[in-house]
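Please read the numbered points with the model in view.

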Amino acid sequence: PRPKSMRAPRRNLSCDSLSSQALSPTARSKTPPPVREGSPPKPGREPQLGREHSSGVKATPAAGIILLRERPAVSELDDAAWESQELEVLIGRYHVVDALRSGRDRLVALRYGGEWHFPGGAKRQADRGPLQTACRELHEEFLGGAGDAAPELAATLFAKVSISVSSRPYVQYVFVADEADNRPLQLTAERINHGLRRQRLAFERLVASGEWWEMARSAKAAVGPEVREVRWLSLSAAISALDPKVPFVDEWQREELARCGVYWRQIPLGTIQILRQLQRLGTIAAIKAAAVESRLDRVATARLPPELPPLTAIYGGRTAQPPGLLGPLLASPRPSRSPRNARSLRDEAALAEAAAGGEANGGASAAGEAARLAS
């Protein structure tokens, strides 16, 4: 528990905007405790990437999505400017106050309040898979949940990581989507920010009229503001905005956290790691090639041995199918790609070569070679 000196007084959630509501005179007179530069966040609250969960607790599936685009060149004739261009990401800055969990006399801070990160969340029962979870979270957080259904984005599974948030294990599926592949959806920063402003105005009207406190939680979730704004930032600028060495992103974040009785940042370390990986890869083509989905596709389309010739050629035209248990195996070959079955793949390749040789030297020798390999 925090010391009494760090506990914030209870305040009412007024009709003013959560993002612009000023501190009361009593709150201004209280100076929050100093924050050392680079001080670590509260233990047990940050995701730990790459760690396996040995507690035996089943991990909850979750998904997030990152929108990328090639940064427009300043001048096609300026080679130095062209080389300095890097990818941009559509990243959102989230509110500090959790509108759903806050009460009339108590404000609760969002996780990673006031930080820049990507839309994401846990899988729901109605979601068909991780990609639909990621698209739904993008629809709810960036687009305000407007419309009948979440848009279906053309995305690639970039990474699958194990994270732990407040000692609860999650399996996070991280997707990347190229803006060029999703232009019909018109996911522009101006359009998204316009919808976010309308959502904030609707929320403020509900709070001013008092209807907000009588609404069900499901209805509040459709109106409550979560994202303050979105921007297209270069990868280096996004990493700088999340610099863990500074106490706060800006003064607005510090004041909003103080209203909730919080005097430290919750830094999304997982977001920083993903951004650095994308920055090292450099291009969208390299990112897609290094994605988990691409690696799985390359394994699935690995070079296989040549197809077996007709069985009549192997057996010298005497029979269309070999007798015994070997018949169904050779008639419908299903070579495995696992390392422990590499010997069977080599045998089938040698069997095919023996059959090809049998066409020139006679069916009897091919049949003898096939029987030797089968034994």
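1. In this predicted model, the largest nonpolar core holds 29 residues, and the members that touch the most others are Ile-66, Leu-68, Val-89, Leu-275 and Leu-278. Two or more residues each come from strands S1 (60-69), S2 (88-94), S5 (156-165) and S6 (168-178), and from helices H6 (235-241), H8 (269-281) and H9 (284-290). The most is contributed by S5, with 5 residues. In soluble globular proteins, nonpolar side chains tend to be buried together.

2. Leaving aside residues up to four places away in sequence, its contacts include Ile-66, Leu-67, Leu-68, Phe-118 and Leu-275. Val-89 also touches Arg-231, Trp-232, Leu-233, Leu-235 and Ala-238.

3. Helix H8 consists of 13 residues, and the distance from its first C-alpha to its last is 19 Å, close to the expected 18 Å. Its buried residues are Gly-270, Thr-271, Ile-272, Ile-274, Leu-275 and Leu-278; two of these, Leu-275 and Leu-278, are named above among the core members with the most contacts to other members. Just after H8, Gly-282 adopts a positive phi of about 90°.

4. Helix H3 (residues 130-141) may be examined in a similar way. Its 12 residues should span 16 Å at 1.5 Å a residue, and this agrees with the model because the end C-alpha atoms lie 16 Å apart. Buried in H3 are Thr-133, Ala-134, Cys-135, Arg-136, Glu-137, Leu-138, His-139 and Glu-141. The cover over these buried residues includes S1, S2, S6 and H4, together with strands S4 (120-122) and S7 (227-234).

5. Is Met-215 buried, partly exposed or exposed? Met-215 counts as partly exposed because its relative accessibility is 22%, whereas buried requires under 20%. Met-215 sits in the loop between helix H4 (189-209) and helix H5 (217-223). Not counting residues up to four places away in sequence, Met-215 touches Leu-206, Lys-220 and Val-223.

6. Some totals for the chain complete the picture. The protein chain has 14 helices and 7 strands, and 41% of its 375 residues count as buried. Among contacts with a separation of 6 or more, 69% join residues 24 or more positions apart. The accessible surface is about 21,300 Å², and carbon and sulfur atoms account for 51% of this area.

Note on methods. Residues numbered from 1 in each chain as written. Predicted model: local features only at pLDDT ≥ 70, side-chain atom pairs only at ≥ 80, totals over all residues. Heavy atoms only, no water. Core = buried A, V, L, I, M, F, W, Y, C linked by side-chain atoms within 4.5 Å. Buried < 20%, exposed > 50% of the residue type's maximum accessible area, 1.4 Å probe, protein only. Helix = DSSP H or I, 4+ residues; strand = E, 2+ residues; numbered from the N terminus. Contact = heavy atoms within 4.5 Å. Expected span 1.5 Å × (residues − 1). Areas by Shrake-Rupley, 256 points an atom, 1.4 Å probe, with all protein chains shown as cover.
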